[in-house]
Number of protein chains: 2
Amino acid sequence: MKKILLIIAGLAMLTASAGAQELRNFNFGGARQIVSPEIAGDSTTFRLSADYATVVTLYGSWLPGYGDRIPMVKGEGGVWSVTIETPDPEIYTYNFFVDGVSVNDPQNYMVQRDGTRYLNMLLVPGERSENYFESSQRGTVSYKWYDSELLGLNRRLTVYTPYGYETSKAKYPVLYLLHGGGGDEEAWTSMGRAAQILDNLIEKGLAEPMIVVMPNGNAGQQAACTMGLSVKEFPRTEANANLYVTSLVKEIIPYIEKNYRVIAKPEARAIAGLSMGGGHTISATTLFPGTFDYICPMSCGVSESDHLDADLQGIKKAGYKLYWIGCGTADFAMPGSEVLDEALTRNGMEHTFFTSDGGHEWKNWRLYLNTFARLLFK
Amino acid sequence: MKKILLIIAGLAMLTASAGAQELRNFNFGGARQIVSPEIAGDSTTFRLSADYATVVTLYGSWLPGYGDRIPMVKGEGGVWSVTIETPDPEIYTYNFFVDGVSVNDPQNYMVQRDGTRYLNMLLVPGERSENYFESSQRGTVSYKWYDSELLGLNRRLTVYTPYGYETSKAKYPVLYLLHGGGGDEEAWTSMGRAAQILDNLIEKGLAEPMIVVMPNGNAGQQAACTMGLSVKEFPRTEANANLYVTSLVKEIIPYIEKNYRVIAKPEARAIAGLSMGGGHTISATTLFPGTFDYICPMSCGVSESDHLDADLQGIKKAGYKLYWIGCGTADFAMPGSEVLDEALTRNGMEHTFFTSDGGHEWKNWRLYLNTFARLLFK
């Protein structure tokens, strides 16, 4: 083996030197020595090297309002810092403001993209967040392209196949999991931790092994963050209103059922979505009753209308196994969720109305997936 | 359809209101009206809203040196800007410095992660970069987990399967494509644009349809940017020196050949890598001659040693179809590449030594993949 070691030693030197060069521009005054964020039990410290800055503040998603910035104090070597009480176990996002400009934490490479924004993550471990971390048996996440004739676009979707899918011969049920406005086909695997939640639940025997399909719900968008792809405009006309939802049922479902080992029956199909995706969930089940036996709109609701009861009666008549609504008590979608809850009751339809603290935010949508996924396909 | 429209209308209002709330914190003074970067033919303008900043500069990877920051000028409404001559067609990274702190461009959601850093992308279209954009027939990118008994870890790798793989019954050749120091299993699909390059080359008939496997070459790392996963330390001992490369040949290749429709023969296996991954390429082909018929180390070289000729004779004796070296003329790895080039010549081994302007950087590694991929499996 000695002969190989000689070659390797030469390369290790090159590599080390490359690393140093690449980092030189982005780390001043030993910035790599700084630790941020640092969770030490009940207290958490954030640090940023900014020797020439005048005002540095911190915003985090655990704070009650967007305006509630925490001032940071300049210390030795131009490092600004602040120590806060560690928030309850969850995944939070945060960012600094340096002289009025939003800045990510250069010491923390854990980042989530929310629409067009990139925000650092603060991961507080605990019972509530335990299924958001990696389990030991992990499924596969794939980004696939399919043709939508209805939308006239080749489009990308994300597919989670559970641990063991490749070596099994079994057929699996499918959850169609839809994002909200501003999101895309990467939202649920990034901010929603969908793969980790399913991995954990399945490994612990709390959920059935299932495939999760996460399409892009922006009808004119081929894919998130891609180059050279046109965005198609679909004016808000009556003819266009249900194009995406129709494509979901008439194109995406057949594509998945052709390309994966899937149980192609209503009792093996679930649909869930947040906000706009909750609207898609309601539209898809209203327009195509009997397609999905499991229906889970989150942070979304309906208006009272002449046709609401008729819509729900259509679903009732076609049959379903679970109608599960999730909404935060401070969510602006709560009134609409209550209208839906009341309408389901009025129409004699068994359902669950699950509420939790907080508003229109990912900590709730992760919690809801972690909750209703246990009820599917059982 | 009218009844559905009523529901949708209610939801559209909720969605619009959500979008406004979510963005409020991050956009001041109409920052969403700002366009950055704006490519207008020969000139490109960068803009940043930073009313309270004192000094704002721009750094971009098209600049000759890391210290070459471009000053920006404060204009109306606190918007800083600078117009430069549009660099040659390529993908560049850039960032702002606000009062000494590195800041990403909030108007540009095109971002690449390079190790622990996130940098904005500037995409200049043209002949050199045309294969880095989306083609119309696109393959699938999957993130999969496999067990390495040798490393004692469950690890993640990235697999590209070409357009048509799912519906075909054909078996495919495989390129094992390795990243450099500081990289991980996402480097080639993010910074390297590997999926787009292969999609374009295959669609144009310039490359054979192939599977591309991009493992994580940091032996102790389970995966990039994951939570709750331990990083294992492998001390630099003789016993550990070739653990990863051995795992690549003895574990990853069998895993791929078991789970994909693959031609499991040396003439259908290629190995290529940059920098540290070039070292892995050289080690793997030296330790396991005859495994790969296509060998492409990039930006990496060897030292003269007593055993270099014997190592290369081993490869020559086992046989190969392509030995292709790529290196930038300003790359610090050039001397080592020259040693390798000379040693191959001295040993009577047919090979290509492809050089290009520039140094140890992604614009070269994309160019090399875009070049040698056309030569594989032919």
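A residue counts as buried when its relative accessible area is under 20%. The exercises below concern a predicted model.

**Exercise 1. Two aromatic pairs**

Task: Classify the ring pairs F46(A) with W62(A) and W324(A) with Y368(A), and place each residue in the chain.

Solution: 
- Step 1. The whole structure holds 33 aromatic pairs over all chains.
- Step 2. For F46(A) and W62(A), the ring centres are 5.7 Å apart and the planes lie at 20°; planes under 30 degrees apart count as stacked, so this pair is stacked.
- Step 3. This pair links distant parts of the chain: F46(A) is in strand 2 of chain A, W62(A) is in the loop between strand 3 and strand 4, and they are 16 residues apart.
- Step 4. F46(A) has a relative accessible area of 0% and is buried; W62(A), at 19%, also counts as buried.
- Step 5. For W324(A) and Y368(A), the centres are 5.8 Å apart and the planes lie at 65°; an angle over 60 degrees counts as edge-to-face, so this pair is edge-to-face.
- Step 6. W324(A) belongs to strand 17 of chain A and Y368(A) to helix 8, 44 residues apart. Both W324(A) and Y368(A) are buried.
- Step 7. Ring pairs also join F46(A) and W62(A) with Y92(A), Y94(A) and F96(A) in a cluster.

**Exercise 2. Charges over rings in chain B**

Task: Find the ring over which R261(B) lies, and the one under the charged end of R366(B).

Solution: 
- Step 1. R261(B) lies over the face of Y165(B), 4.3 Å from the ring centre.
- Step 2. The charged end of R366(B) is over the ring of Y132(B), 5.6 Å from its centre.

**Exercise 3. Confidence**

Task: State the confidence in chain A and locate residues with pLDDT under 50.

Solution: 
- Step 1. Chain A has an average pLDDT of 90, and 91% of the residues score at least 70.
- Step 2. Over residues 1-31 of chain A, pLDDT stays under 50.
- Step 3. The model as a whole scores ipTM 0.88 and pTM 0.90.

Key. Residues numbered from 1 in each chain as written. Chains lettered and ligands numbered in written order. Predicted model: local features only at pLDDT ≥ 70, side-chain atom pairs only at ≥ 80, totals over all residues. Heavy atoms only, no water. Phe/Tyr/Trp six-rings, centres within 6.5 Å; stacked < 30°, edge-to-face > 60°. Helix = DSSP H or I, 4+ residues; strand = E, 2+ residues; numbered from the N terminus. Buried < 20%, exposed > 50% of the residue type's maximum accessible area, 1.4 Å probe, protein only. Lys NZ or Arg CZ within 6 Å of the ring centre and 35° of its normal. pLDDT = per-residue confidence, 0-100. Contact = heavy atoms within 4.5 Å.
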